[in-house]
Amino acid sequence: MNKTATLWVAIGFLGLLFLPWYSVDTGFWSFQWALALNNLENASAILQSVLYGRGWFSPPIILMVTTAGILCLRTNQDNKAKQLIVIGALGLGYVIAHSFLSLESELLPSNGAVGAGAFVTSFAFLFLLTTGLAHMRQVGSDAFITGLIGTIIVLVATFVFFPISHVLIRAFEYPDGSLGIVRFLSRILSGDVWGISCFTGGDHCGPAINSLILAVATGIGTTALGLSFALIATRTQFRAKKTLRILTVLPIITPPFVIGLSLILLFGRAGVVTDWLNILFEIEKSRWLYGFTGVYLSQLLSFTPIAFLVLIGVVEGVSPSMEEASLTMRANRWQTFSNVSLPLMKPGLANAFLLGFIESLADFGNPLVLGGDFNVLSTEIYFAIVGAVADTSRAAVLGIALLTLTVAAFLIQRRWLGNKSYTSVTGKGDSGQHSGLNPALKWACYLTSIPWAIFTLIIYGMIVYGSFVSLWGYDNSFTLKHYQQAFGIDFRDGMFLSGSAWDSFLTTIKIASLAAPLTALVGLLTAYLLVRQNFKGKSVFEFGTMLSFAIPGTVVGISYILAFNVPPIELTGTGLILIIAFMFRNMPVGVRGGIAALSQLDKSLDEASLMLGATSFTTLRRVITPLMGPAILAALIYSFVRAITSVSAVIFLVSAEHNMATSFIVGRVENGEFGIAIAYSVVLILTMLAAITFLQMLVGRRKLRRENRVSDSNRIYSREIEQPIKGTAL
Amino acid sequence: MKKLIGTIIIGLSLIGGNATAADKLNVVCSAEQPWCDLMAKGFEKQTGIDVSMVRKSTGESLAQIRAEAANPKIDIWWGGTGDPHLIAASEDLTQASGIDTSDLLGWAVNMSTISEGKTVGIYAGALGVAYNRELLAEKGLKAPSCWKDLADVSYAKEIQVANPNSSGTAYTELATFVQLFGEDEAMSLLAEIGKNVNQYTKSGSAPSKAAARGETTISIGFMHDMVTLASSGFPLEIVAPCEGTGYEVGAVSIIKGAKNLEAAKKWVEYSLNADVQSRSVEVESYQVPSNSKATVAPESPDLASIKLIDYDFATYGSTETRERLLKRWDRDVKNVAKN
C-alpha cells in the first residue's frame with residue numbers, strides 16, 4: 001500500500017506544482033505553456049495560490065502534504081488506509097465541487113475549463129482513495145483492481161451519466177420550463193408511443209411497439225445467422241471459409257445509407273430484381289420494400305456480422321472434451337450439439353441477441369432510408385430534435401421509452417443466463433477435437449449461410465459498380481469522375497490532395513485509430529471486472545457501462561454539446577470529443593464480447609497465477625490477455641469500424657477542423673450526389689478491410705489447443721462407438 | 001502494448017494542439033456542399049480571413065446552435081431554409097448584422113424586416129411538382145399542371161411528399177396550401193391528395209430523388225432541387241402549379257455571442273454581393289439570388305413566370321400557427337388518408 005500511495009502522492013504533486021490547472025488555449029501538447037508558467041492562464045495550482053492569491057487552491061495542496069506526512073509515519077497500516085480514504089474522498093470532492101462552483105461564484109473566480117493540472121490531481125486523489133479501500137478489502141482484491149474500478153466509475157460517470165442526464169431531465173419539463181412528473185407520465189404512457197392498433201386492424205402502431213417488434217426480430221435473426229456462420233467457420237470443412245469470413249465482415253464496415261440504397265436499386269419499384277420479376281413472371285412492381293420488410297432486411301445485413309464476431313470466439317471456445325465425452329457416451333452428434341455444445345454457447349447467444357436487439361433499436365440510417373411510414377423510436381427521436389417542430393422534451397420522453405426497452409432486454413438476458421457456469425477453457429489437458437455437425441444441421445447452416453453470403457456479395461457488387469457509373473440506377477456509362485472528385489491528387493506543383501474528401505478521410509482515419517485501442521482497452525477491462533471480480537453495486541456498474549450504447553446517437557450528440565460546450569469540461573470543436581464519444585458509445589461491444597469470452601475461461605487459471613505470487617495486473621497481462629485474442633480482435637475491429645461508420649452521434653460533434661467521413665457522405669446523399677457518396681464508401685470499405693487484416697495479423701490467433709481441427713466425418717468416432725453397439729446386437 | 005500507448009499519446013498530441021490564428025471565422029453551412037466550399041474559398045481569397053466551415057442540415061444546425069447558446073462556437077450560419085433562421089431570430093439566438101439591404105429583392109428584405117435585421121435572405125426557391133416522364137408515359141398518365149390535379153384518382157399511390165412534422169419543405173407546402181385555398185379547403189384537398197400518396201418521407205428532398213430514380217412517379221418539393229437532379233440526367237419534368245405556389249427564402253444569420261463579429265459581418269456583406277451570388281450556378285445550385293443585380297442562371301426556375309403567392313412568413317413561421325396547422329394535418333390529413 002505504501003508504495004502505491006507514495007507513487008500517487010508524487011503524481012499529485014506533479015499535478016499541483018507544475019501542470020497548468022486550467023486548459024490552455026494553445027493546447028496542452030504544444031507545451032507552449034511551459035515557457036510562461038507564471039501567467040495566470042498557465043499557472044499550476046500552487047502558483048495560482050501564491051502568485052495570484054487564489055486561496056481556494058490551498059486545500060488540495062494541504063491535503064496532499066498531509067498525505068505525504070502520513071505515509072512517512074510508521075503507524076498502523078489500517079489507520080493509514082482509513083486516512084487515505086478520507087483524504088482521497090475529500091480531495092476529489094473538493095476539486096470537482098470547486099470546478100463547478102467557481103464558474104458561478106464571485107468568491108472563486110476561475111479561468112474556466114479545467115486542464116491537465118486539475119485532471120492529474122483528481123486522479124491522484126481518486127487513486128489514494130482506492131488504494132485505501134483496497135487495503136481495507138472493501139472493494140476488489142488489490143490496489144490495481146480497486147483503482148481500475150474507481151477509474152471506470154469516474155469515466156463512465158463523467159462521459160455517460162453526466163452528459164446524458166442533461167437531456168433526460170428534459171423529459172420532465174413542462175413547456176414553461178418547470179419540472180414535474182405528471183406530464184411525463186401521460187406522455188410516456190400515451191398511445192402515440194405504445195399504440196398497438198396495428199394488431200387490431202388499425203393502420204399503425206406506436207414507434208415503441210414498432211421498434212420492439214423490429215428489435216426482437218432482428219435480434220433473433222442476426223443471432224441465428226451469426227451462429228450458422230460461426231458453425232460453418234469452426235465446425236465444418238467448408239472450402240471457402242476465408243471468403244465467408246470476409247463476407248460476413250463486409251456489412252459491418254459499410255457506411256450507413258449504402259446498404260439501404262443498394263437494396264432500393266435491387267428491390268425498389270424501379271429495382272433490377274423487380275424489373276426481372278416483372279418481365280419473367282409478370283409480378284407487378286410494388287413498393288413492398290418500404291416499411292418493416294426493408295428495414296428488417298437491411299438490419300439483418302448490417303448486424304449479422306456483430307453476432308458472428310461475438311459467437312465465433314464462443315463456438316471455438318466450447319471444450320472438445322465435453323463433446324467427446326458426450327459422443328463417447330453414445331449420444332449422437334445432434335444430441336451432442338443440442339445438449340452439450342449449444343447450452344455451453346448460451347452466454348454467446350445471449351450476448352449476440354442483446355447486441356442485435358440494441359443495435360436495431362438504436363439504428364438510424366436504415367429506417368431513415370427504407371422505413372416508409374414505419375415509424376421507429378430512433379428516427380422519431382432524431383426528428384423531434386432536428387425536425388420542423390423541435391421538441392427536445394419529446395425526444396427525451398422517447399429516449400426514456402427506448403431505454404426502458406433496453407433495460408428490459410438486459411434484465412431478461414441476465415435471468416436467462418442465470419448463475420450457471422459456462423467454463424470450458426481450463427488449464428487442464430484438453431486435446432480433443434471439435435465434433436463435426438450432424439448432416440442435417442450442417443446442411444441447414446449451408447442453406448442459410450450460402451444464399452445469404454451470395455446476397456451480400458451481390459449487394460457489394462452493386463456498390464462497387466455504382467461508384468463507377470455516371471448516374472447510379474439510371475445512366476450506367478463507365479466513369480472515374482466520382483473518384484477524381486473525391487480523391488483526386490494534383491501533381492502539378494508537388495503533391496497536392498485536391499479531392500474534396502481527403503480532409504474528412506484523413507481525420508476519420510486518425511480519430512478512429514486512436515479511438516479503437518482506447519475503446520477496446522476500457523471495454524475489456526470492464527468485462528474483466530464484471531466477470532472476475534466481486535464488488536458492491538456490480539450490476540448497477542454493469543448497466544452503467546451499457547447505457548451509452550442503448551441511447552440513440554442523436555441524443556448522445558446533443559447531450560455531449562450541452563455538457564461539454566461550457567466549462568469546467570470544455571471539449572466541443574476538438575477531436576478529443578469525438579474520440580471520447582466513440583469510446584463510451586462503442587465500449588459496450590468490448591464489454592459484451594469480453595464477458596462472453598471470459599466466462600469460458602476457468603477461474604482456476606487466474607487462481608493458479610495469483611497463488612504463484614503474481615499480482616492481478618500480471619495475471620491479467622500474462623494469463624488472461626493471451627487467451628482473449630478473438631475478443632480483443634473483435635473489440636478492436638468493431639470500435640475502429642464504428643468510429644468510421646457511425647452517423648447520428650457525430651453529426652453534432654463534427655467541426656470544421658474535425659469533420660468525419662460519414663457526415664460528408666450524408667451531406668452528399670442529401671444533395672442527391674450518390675456517385676461521390678458511394679465512391680467514398682468504397683474507399684472507406686477498402687480501408688477498413690485493410691485495417692482489419694492488419695489487426696488480425698497484429699493480434700494473432702490464440703492457441704487454445706494444439707491445433708484447431710474438426711473431425712470432418714464419422715471416421716474416428718463411428719468405429720469406436722458403433723462397433724460395440726453392433727457387438728451387443730449380435 | 002508500450003508501442004500502442006506511445007502511438008496514442010503522439011496521436012492525441014496531434015489533435016490537442018491547434019493554434020489559434022489571428023483572423024478566423026467559423027461557419028456552419030446548410031446549403032449544398034460544393035456551394036459551401038465555393039463561398040468559403042472565395043471569402044478567404046477576398047478578405048484573407050481563415051474560414052473554418054462545416055456543413056450541416058438546417059435542422060441539425062439549429063439544434064446545435066440552441067445547444068451551444070451558452071458558449072457559441074459558430075459565428076455564421078449561412079444557407080438553408082428561412083424558417084429555422086426566423087426561429088433562431090425569435091429565440092434570440094442570432095443578432096442583427098446592420099447590413100444595407102437596399103440592393104435586395106423584396107422577399108429578401110422582408111426576411112430582414114420580420115426578424116429585426118437578425119437574418120437576411122440570400123436566395124429563394126419556389127415549391128413545385130416533379131414527375132418522372134418515363135414512368136408517367138409507361139403508366140399512360142397525363143402530366144399534372146395544378147395542385148388540384150394531384151387529387152385525381154388516376155394518381156393513386158403515385159405521389160410522394162415529405163411529412164411536415166419532420167420536414168421544412170413539407171411545412172412550406174402545407175402553409176402554401178392554407179394561404180392559397182383557406183385552411184378548411186386546404187386540409188380537405190390535402191386529404192384527397194393524401195389518398196394518392198404512397199409515402200410521407202422524413203426528409204424534404206427525398207421525394208424528388210425517389211421520382212428521379214423511378215421509385216415514385218410524382219413528387220412535391222423545391223424546384224431548384226429538381227433542377228439539379230434533372231440537369232444531372234434523370235428524366236424529371238418540373239411543373240409550376242397553375243394556382244400559384246409558395247417559396248422558401250434561404251438566409252444568413254450572425255450567431256449571438258459570435259467570437260469573430262467583425263469577420264462575421266464581412267461574411268454577410270460578401271454573401272449579399274451580386275457577383276458572389278451570380279457564381280452559385282458554377283456549382284449547379286439553381287436558387288434565385290436575392291441581390292437584384294445578380295445574374296440568374298438560365299436553368300433556374302424563372303420566378304417571374306411562376307405565379308408566386310405573397311407568402312406570409314411572419315404568420316406561418318410563428319410557433320403557434322405551426323403547431324396548430326401540424327396538429328390539424330395529423331388529424332385531418334395523415335389519419336384520414338389511410339382509410
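Visitor: Which residues touch the most other members of the largest nonpolar core?

Guide: This is a predicted model, in which local features need pLDDT of at least 70 and side-chain atom pairs count only at pLDDT 80 or more, while totals for chains, interfaces and linings use all residues. Residues are numbered from 1 along each chain as its sequence is written, chains are lettered from A and ligands numbered from 1 in the order in which they are written, and side-chain values use heavy atoms, with hydrogens and water left out. A nonpolar core is a set of buried Ala, Val, Leu, Ile, Met, Phe, Trp, Tyr and Cys residues joined through side-chain atoms within 4.5 Å, where buried means under 20% relative accessible area, exposed over 50% and partly exposed in between, with a 1.4 Å probe and protein chains only. Among the 210 residues of the largest such core, those that touch the most other members are Tyr560(A) and Phe584(A).

Visitor: Which helix gives the most to this core?

Guide: Helices are DSSP runs of H or I with at least four residues, strands are runs of E with at least two, and both are numbered from the N terminus. With 16 residues, the helix of chain A that gives the most to this core is α22 (residues 502-532).

Visitor: How many salt bridges are there between chain A and chain B?

Guide: A salt bridge is a side-chain nitrogen of Lys or Arg within 4 Å of a carboxyl oxygen of Asp or Glu. One such pair is Glu158(B) with Arg269(A), whose closest N and O atoms are 3.2 Å apart. Between chain A and chain B, the count of salt bridges is two.

Visitor: Are Glu359(A) and Arg642(A) buried or exposed?

Guide: These two residues form a salt bridge, with their closest N and O atoms 2.6 Å apart. The pair links distant parts of the chain, since Glu359(A) lies in helix α16 (residues 346-362) and Arg642(A) in helix α28 (residues 629-645) of chain A, 283 residues apart. Both Glu359(A) and Arg642(A) are buried.

Visitor: What is the relative accessible area of Lys293(B)?

Guide: Lys293(B) meets Asp103(B) in a salt bridge, at 3.3 Å from N to O. Asp103(B) is partly exposed, with a relative accessible area of 31%. Lys293(B) counts as exposed, because its relative accessible area is 57%.
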